[in-house]
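Please open the structure in a viewer and keep the selection tool at hand.

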Amino acid sequence: MTFQLQHTDPNSAARAGRIETAHGAIETPIFMPVGTAAAVKAVHIHELEREVHAQIILGNTYHLYLRPGMEVMKAAGGLHKFNGWERPILTDSGGYQVYSLAAQRKIKEEGVTFKSHIDGSNHVFTPERAIDIQREIGADIIMAFDECTPYPCEYAYAKDSMGLTHRWLKRCCDRFDETEGLYGYEQTFFPIVQGSTYPDLRKESAEAIASFEREGNAIGGLSVGEPDEDMYAMTELVCGILPKEKPRYLMGVGTPMNILECIALGIDMFDCVLPTRNARHGHLYTAKGIINIRNERWKNDHSIIDPESTSHTSRVHTLAYLRHLFVAGEQLGGMIASLHNLSFYLWLVGEARKHIIAGDFLSWKEGMVKSMATRL
RNA sequence: GGGGGUGCGCCGAAGUUGGAGAGACGGGGCAGACUGUAAAUCUGUUGUGUAAUGCUGAAUAGGUUCGAGUCCUAUCACCCCCA
């Protein structure tokens, strides 16, 4: 993997760059649709390519390991072959499930024992195992196995957890460096900064992560319920420490507003379930504001969903039709809305990139943030 | 034409052997939440008025009773059986 820093914004920490992977290029800043279980929910890969213009998508180690399992994954020849997505893929390590499935797991120094949410069986995830599984999945970018801490988080716990994540990181790196990809192409590995909302811990963690000198770096443990100001403060602090010449990935963020603010702080890569999950729940993001398509006010609004959308679907169908699909419980509603939201997210980061290159990013961002936050 | 049954909330439905219903539960409606996805899920609300106690309400009209959605009479509507 290579990263080329192409432009830096003179008025903020925003940058435009280009990542090259074995499965093609990614222009940053970028948003990566989440495809946890080998599918971006309700969106076909043809639509991801042709309408959303996604450049890279995610998969999830924990979920793919449990189902379909690595036997199937290896027999398929890796995730790219399995789901048909030929562009770059990034996998989360299962570190987020340490947080989201906290009720079903036990953490020890060696690793985490998960009680499967599918059948209750026990599975031990060590840092080494998380790397092995991601080798088997064949993701272009694989993530360190970490503990994503909750919010709020006691200082003592956050400090201990950060220490554990750092020790696990060493083990991840060692395993990664002593193994190779199974399918004949190069994979790369990103470590993850933790430290909850404590500046001193974030500083310590960012310095520790930077010292591993991997090809890119990630920030985890944010967007777990903390106020936006805390998220921004931690992101700014960490971006000031992580090397400029390597991509920075802010995990799990966020709303369109969060993304623009964090681009301004120096983040290059984002992923989040909001555009797809909220789409299935009738929540649409547009440049003019937020639409809850189930609301009665759209019942007889026969205007186009979003005439400016890069998605053909959003330029063809009307708000009244989309509302009808949701009210009627038709699955097509969630599909159209998912396509719309992802198209908007990719359009948004694409515009951000253009404005960074043009030199007017900050003023453009201010207008967009205000406009997008409006409830229509 | 004769006999029997049913009738309250937007809909379906529970329950009250005459003793305080704004009334379980389900659906529908309306609204909210969701941030490295156990989520096409979850939550709230759904007669009316208020700061609050309230007010109105069990097909319609009467009656019996201290007290009726519950008993009686008539009317209306719907369902079933017989002719």
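**A guided tour of the predicted model**

Begin by selecting Met-143, whose bridge partner in β11 is Phe-190. This is a predicted model. Met-143 belongs to strand β10, residues 141–143, which is joined to β11 by 3 bridges, the two strands running parallel.

Before moving on, colour chain A by confidence. Its mean pLDDT is 97, and 100% of its residues reach 70 or more. For the complex, the predictor gives an ipTM of 0.93 and a pTM of 0.93.

Now select RNA strand B together with the residues around it. How many residues surround RNA strand B? There are 47, and the closest are Cys-148, Ser-223, Gly-252, Gly-254 and Val-273. The elements that give two or more residues to this surface are β5, α5 (95–100), β15 (269–272), α11 (274–280) and α14 (331–358).

The next stop is a pair of helices. Select α10 (residues 256–264) and α15 (residues 361–372), whose axes come within 9 Å and cross at roughly 165°. An angle over 145 degrees counts as roughly antiparallel, and α10 and α15 are therefore roughly antiparallel to each other. The crossing in which α10 passes α15 is left-handed.

The last stops concern the backbone in loops. Select Arg-67 and Pro-68: the peptide bond from Arg-67 to Pro-68 is cis, with omega near 15°. Pro-68 lies in the loop between α2 (61–66) and α3 (70–76).

Then select Tyr-151 and Pro-152, where the peptide bond is again cis, with omega near 0°. Pro-152 is in the loop between β10 and α7 (155–177).

Finally, select Ser-196. Where is Ser-196 placed? It is in the loop between β12 (192–193) and α8 (199–211). The phi of Ser-196 is near 50°, a positive value in a residue other than glycine.

How values were computed
Residues numbered from 1 in each chain as written. Chains lettered and ligands numbered in written order. Predicted model: local features only at pLDDT ≥ 70, side-chain atom pairs only at ≥ 80, totals over all residues. Pairing = 2+ DSSP bridges. Helix = DSSP H or I, 4+ residues; strand = E, 2+ residues; numbered from the N terminus. pLDDT = per-residue confidence, 0-100. Near = placed C-beta within 6 Å. Axes fitted to C-alpha atoms, helices over the stretch in contact; angles between N-to-C directions. Parallel < 35°, antiparallel > 145°, perpendicular 65-115°, else oblique. Left-handed = near helix turned anticlockwise from the far one by under 90°.
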